[in-house]
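Let's take a walk through this structure together. Have it open beside you as you read.

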Amino acid sequence: MITRLDDALGRQEAALTLRAQRQQLIASNIANADTPNYKAVDLNFAEALKRAQAGQPVTGSPPLLRTVARHLPPIPVAGGPAGAVDETASALPSVDGNTVDLDAEQARFAENTVRYEAAFRVLNGKLRSLLAAMQQG
Amino acid sequence: MSLFNVFTIAGSAVSAQAQRLNAVASNLANAESAAGPDGKPYQARQVVFRAAPVAGAAGGAGVEVAQVVEDASAPRRVYDPKHPLADASGYVTMPNVNVADEMVNMISASRSYQTNVEVMNTAKTLMLKALTLGSGS
């Protein structure tokens, strides 16, 4: 039954978490709108959701398989976004190397807020249906 | 919880922009200070931003002030023979503050400040919403 609950809520829960994560990336772009050499990043949502459902980390490369016990464990590489986090291309990069387009980021921030709300409502609706099914009539 | 990191990121930006406003205020206040405490004319100060990684925020980055640099450009020379600090040929060395540049800097800093406060407000709304998950509509 627990796995069924997980099946019912798993995808929506992952979506809500990823929306929050994207919100964080966009916030960091807005915060660094005046930082020289900062490169704007964004979350590739489809790729991130695929990874989240496959149990892989959203950032970083997929876990290496160790088929023989004597294989060396993977060494985590510090810095440098990878995985589902991409750098966004800017139509007009600044002279100081900054690629943040503040208007586009604000639009993305608003869009992501609405999508977070949507994911929230779907999850909330599912929870309420489950609660209704659990209560006797 | 990645939405908490939005506060860290946007908060670091607000504080960095406040320091930039501080530098602008100091430059504008001393635009006519022909002599500082060391007897030399005031030199304009500029803050240099740098992206600062936030613990637990994969791919996200806050801002910090890397350093405050003194503008090395040549000071203004104003002809005013009656001025007590005038040299033998009647010129007074004034600070190298460009008031128009500083006004632009001030507008940019205050806009960035407002944007980041707005980001924090949105994150707050989303988090409060997440607290109501499973109850109400």
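What follows is a look at how two chains meet, ending with one residue at their contact.

Keep in mind that this is a predicted model. Start with the two chains side by side: their contact draws 27 residues from chain A and 30 residues from chain B. On the chain A side, helix H1 (residues 2-31) and helix H3 each bring at least two residues to the part that touches chain B. H1(A) gives the largest share, with 9 residues. Sort that side of chain A by class and you get 16 nonpolar, 10 polar and 1 charged residues.

Now zoom in on a pair of helices. Two packed helices are described by the angle between their axes and the distance between those axes.

Let's finish with Thr115(B), which sits in helix H2 of chain B. Is Thr115(B) buried or exposed? It counts as buried, because it has 20 C-beta neighbours inside 10 Å. Setting aside neighbours within four places in sequence, Thr115(B) is in contact with Ile30(A) and Gln106(A). Within its own chain, Thr115(B) lies 102 residues from Ala13(B) in sequence, yet their C-alpha atoms are 9.8 Å apart in space.

Note on methods. Residues are numbered from 1 along each chain as its sequence is written. Chains are lettered from A and ligands numbered from 1 in the order in which they are written. This is a predicted model: local features need pLDDT of at least 70, side-chain atom pairs count only at pLDDT 80 or more; totals for chains, interfaces and linings use all residues. Two residues are in contact if their C-beta atoms, placed from the backbone, lie within 7 Å. Helices (H or I, at least four residues) and strands (E, at least two) are DSSP runs, numbered from the N terminus. Ala, Val, Leu, Ile, Met, Phe, Trp, Tyr, Cys and Pro count as nonpolar, Asp, Glu, Lys and Arg as charged, and the others, Gly among them, as polar. A residue is buried if 20 or more other C-beta atoms lie within 10 Å of its own, exposed if 12 or fewer, and partly exposed in between; C-beta atoms are placed from the backbone.
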